[in-house]
Amino acid sequence: MRRLISLLLPLFLAACGADTLRVQSVAEWSPETEAFRAQAETFREVSQQVAEQARRECVRRANVANCDFTILVDLNPNAEANAFQTLDDKDQPVIIFTRSMIGSAANADELAFVMGHEAAHHILRHIPRQSRNARDSAAIFGELARLGGADGAAIEEAQKLGAQVGAQVYIKDFELEADQLGTIITYNAGYNPLIGAKYFDRLPDPGDSFLTSHPPNAQRVQIVQETARKIGLTQ
């Protein structure tokens, strides 16, 4: 597996700011402290159930060829609470949880919901879609700069700005899409997404600024509730 933090879009890989990302598979991970081992066992159970349901959903949709999910733990004890999805060198989906993220979850439902959300990013092809948006926007900004008389470094700077804007435009929509499908995956895996989404109650609200990468928490909770009702879950 190649060094995961070098992969694709930093907006999806915001958790990868450390100099070196040291990861371990869930099956091999054994925390040092007794107090954390119970959480580790819960995380292993959740990982098995969610990965299985995510694979089924991925295969059912037939729009993604690589559906074998690997769940890894970031061993850095100082990494902030976070989870993210990326790809390995065979383009298979990888979901990484920091230890702080595992420890911050109040229950198995929250772990399952976060994991289902990250799996949904892959099934919905958000990384290649965001990459295409960034590439197309970079080309447009570069061409506008050229038509305006710019050349060389100025065009390159315009392209960089265009890539940033293009990557940002639909990222909130992607998060809501992942919340919606993640709700279904969580439910099919045997967990309650309505309980899982209570994790939002402890997150700072990003508001509705264009520059934020996530939608307002209330909007995300609403998506979960609406999706849950459609699949017959009300509490």
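A residue is taken as buried when its relative accessible area is under 20%, as exposed when this is over 50%, and as partly exposed in between, with a 1.4 Å probe and protein chains only. The structure is a predicted model, in which local features need pLDDT of at least 70 and side-chain atom pairs count only at pLDDT 80 or more, whereas totals for chains, interfaces and linings use all residues. Residues are numbered from 1 along each chain as its sequence is written, and side-chain values use heavy atoms, with hydrogens and water left out.

In soluble globular proteins, nonpolar side chains tend to be buried together. A nonpolar core is defined here as a set of buried Ala, Val, Leu, Ile, Met, Phe, Trp, Tyr and Cys residues joined through side-chain atoms within 4.5 Å. The largest such core holds 36 residues, of which Trp29, Phe43, Phe69, Phe97, Met115 and Ile185 touch the most other members. Two or more residues are given to this core by each of helix H1 (34-61), strand E2 (70-74), strand E4 (93-98), helix H2 (99-104), helix H3 (108-123) and helix H6 (171-188), where helices (H or I, at least four residues) and strands (E, at least two) are DSSP runs numbered from the N terminus. Helix H1 contributes the most to this core, with 8 residues. A second, separate core of 7 residues includes Phe113, Leu194, Ala197 and Val224.

With contact meaning heavy atoms within 4.5 Å, and with residues up to four places away in sequence not counted, Trp29 touches Gln24, Phe36, Ala40, Phe43, Arg44, Val73, Leu75, Arg99 and Ile102.

Arg44 also takes part in a salt bridge, its side chain meeting that of Glu41 at 3.3 Å, N to O; the term denotes a side-chain nitrogen of Lys or Arg within 4 Å of a carboxyl oxygen of Asp or Glu, and by this rule the count comes to 8. Arg44 and Glu41 are 3 residues apart in helix H1 and are therefore separated by about one helical turn. Arg44 is partly exposed at 24% relative accessibility, and Glu41 is partly exposed at 37%.

Arg60 lies 3 residues from Glu57 and Arg61 lies 4 residues from Glu57, about one turn of the helix. Glu57 is buried, with a relative accessible area of 9%, whereas Arg60 is exposed at 58% and Arg61 is partly exposed at 35%.
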